[in-house]
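Subject: Handover of a structure and findings

Dear colleague,

I am passing on to you the structure placed below, together with an account of what was found in it. Please keep the structure open while you read.

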Amino acid sequence: HHYDQVYPESVRTQIAQEIQICGPKLDRQTWQEHRDELREAEVILGSWGMPLMDEAFLEAAPNLKAVFYGAGSIKGFVTDAVWERGIIVTSAYAANAIPVADFTLSQIIFSQKYGWHFARQIRADGSFPKHKSDILSQAPGTFRSTVGIVSLGMIARRVCQLLQHFDFEVLAYDPFATEEQAAELGVKLCSLEELFARSGVVSLHTPLLPETVGMITGSHFASMRPYS
């Protein structure tokens with residue numbers, strides 16, 4: 001149902017020249033109502049809202065050869081059954097990372113100026129601060145302050161590259177990253193506990209998986225400095 005948003009008209013025109021679009025747009029709720037169209041499908045063009053491609057789905061799509069996913073991570077819908085069938089899956093994760101990383105950078109800088117603290121204060125007080133407070137004078141800004149990055153996936157790597165344009169110390173936690181990879185990104189690997197204790201802002205990029213649920217706890221936030 002996000003097809004028209006993800007694939008603009010010019011792209012849809014090009015797609016129509018290469019493949020025949022059959023049936024209505026399907027999602028997690030409606031695919032079972034259109035098994036006849038799905039049975040003939042060789043290619044799926046998808047985005048957010050993709051059905052879980054488990055054994056039941058793949059039995060309904062016996063001719064499926066490739067899935068082109070116009071969004072980021074495929075973890076939410078791909079299962080081992082997809083790989084066992086030899087189905088090709090592509091993702092727009094690299095393109096999707098660009099605007100996400102840009103927004104992340106803006107929020108890191110805004111937070112380092114205590115922007116969200118003052119936004120809440122202004123909303124509560126109903127007026128702008130009449131003078132610079134002690135809190136504002138303590139805001140770390142971008143000069144030699146510390147930022148923490150949790151997990152060094154595609155988006156996080158681009159965020160680290162953008163942060164190199166500022167005078168930040170960047171800490172990173174990723175048990176799968178090597179010292180060489182960290183050095184290329186200009187970051188220092190450390191434990192999750194050290195990262196939270198030292199960072200004024202922490203940017204979380206870990207995928208939401210059963211293995212990562214509960215990874216960040218209240219004790220991590222409690223270890224951060226006031227107003228972080």
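The findings follow, beginning with the chain as a whole and then turning to individual places. Please note that this is a predicted model.

Overall form

The protein chain contains 12 helices and seven strands. Its radius of gyration is 22 Å, whereas a compact globule of 228 residues would have one near 17 Å. The C-alpha trace extends over about 65 × 45 × 30 Å along its principal axes. Of the 228 residues, 35% count as buried. The accessible surface amounts to about 14,000 Å², and carbon and sulfur atoms account for 55% of that surface.

As to how the chain folds back on itself, consider the contacts between residues at least 6 apart in sequence: 51% of these join residues at least 24 apart.

Helix 7

Helix 7 comprises residues 115–125, and Gly115, His117 and Phe118 are buried in it. These residues lie on the same side of helix 7, because they cover an arc of only 155 degrees around the axis. The face turned away from this buried side bears the exposed residues Arg120, Arg123 and Ala124. After helix 7 comes glycine 126, which has a positive phi near 75 degrees.

Serine 47 belongs to the loop between strand 1 (43–46) and helix 4 (55–60). Its relative accessible area is 6%, so serine 47 counts as buried, the limit being under 20%. Which residues does serine 47 touch, not counting residues up to four places away in sequence? They are His2, Val6, Tyr69, Gly70 and Ala71. Proline 62, by comparison, is 15 residues from serine 47 along the chain, and the C-alpha atoms of the two are separated by 21 Å.

Leucine 185 is part of helix 10 (residues 179–185). Leucine 185 counts as buried because its relative accessibility is 8%. Leaving aside neighbours within four places in sequence, leucine 185 is in contact with Leu152, Arg157, Cys160, Gln161 and Gln164. Helix 9 covers residues 154–163. Proline 175 and leucine 185 are 10 residues apart in sequence, with 15 Å between their C-alpha atoms.

Arginine 35

Arginine 35 is located in helix 3 (residues 35–40). With a relative accessibility of 33%, arginine 35 counts as partly exposed, a class that lies between under 20% for buried and over 50% for exposed. Between arginine 35 and alanine 56 there are 11 Å from C-alpha to C-alpha, and the two are 21 residues apart along the chain.

Positive phi at residues other than glycine

Arginine 144 sits in the loop between helix 8 (134–138) and strand 4 (146–150). Is arginine 144 buried or exposed? Its relative accessible area is 64%, and arginine 144 is therefore exposed.

Serine 151 is likewise a residue other than glycine with a positive phi, here near 80 degrees. Serine 151 lies in the loop between strand 4 and helix 9. Serine 151 is buried, since its relative accessible area is 11%.

With kind regards

Terms used:
Residues numbered from 1 in each chain as written. Predicted model: local features only at pLDDT ≥ 70, side-chain atom pairs only at ≥ 80, totals over all residues. Heavy atoms only, no water. Helix = DSSP H or I, 4+ residues; strand = E, 2+ residues; numbered from the N terminus. Rg over C-alpha atoms; globule rule 2.2 N^0.38 Å. Buried < 20%, exposed > 50% of the residue type's maximum accessible area, 1.4 Å probe, protein only. Contact = heavy atoms within 4.5 Å. Areas by Shrake-Rupley, 256 points an atom, 1.4 Å probe, with all protein chains shown as cover. Arc of directions from axis to C-beta.
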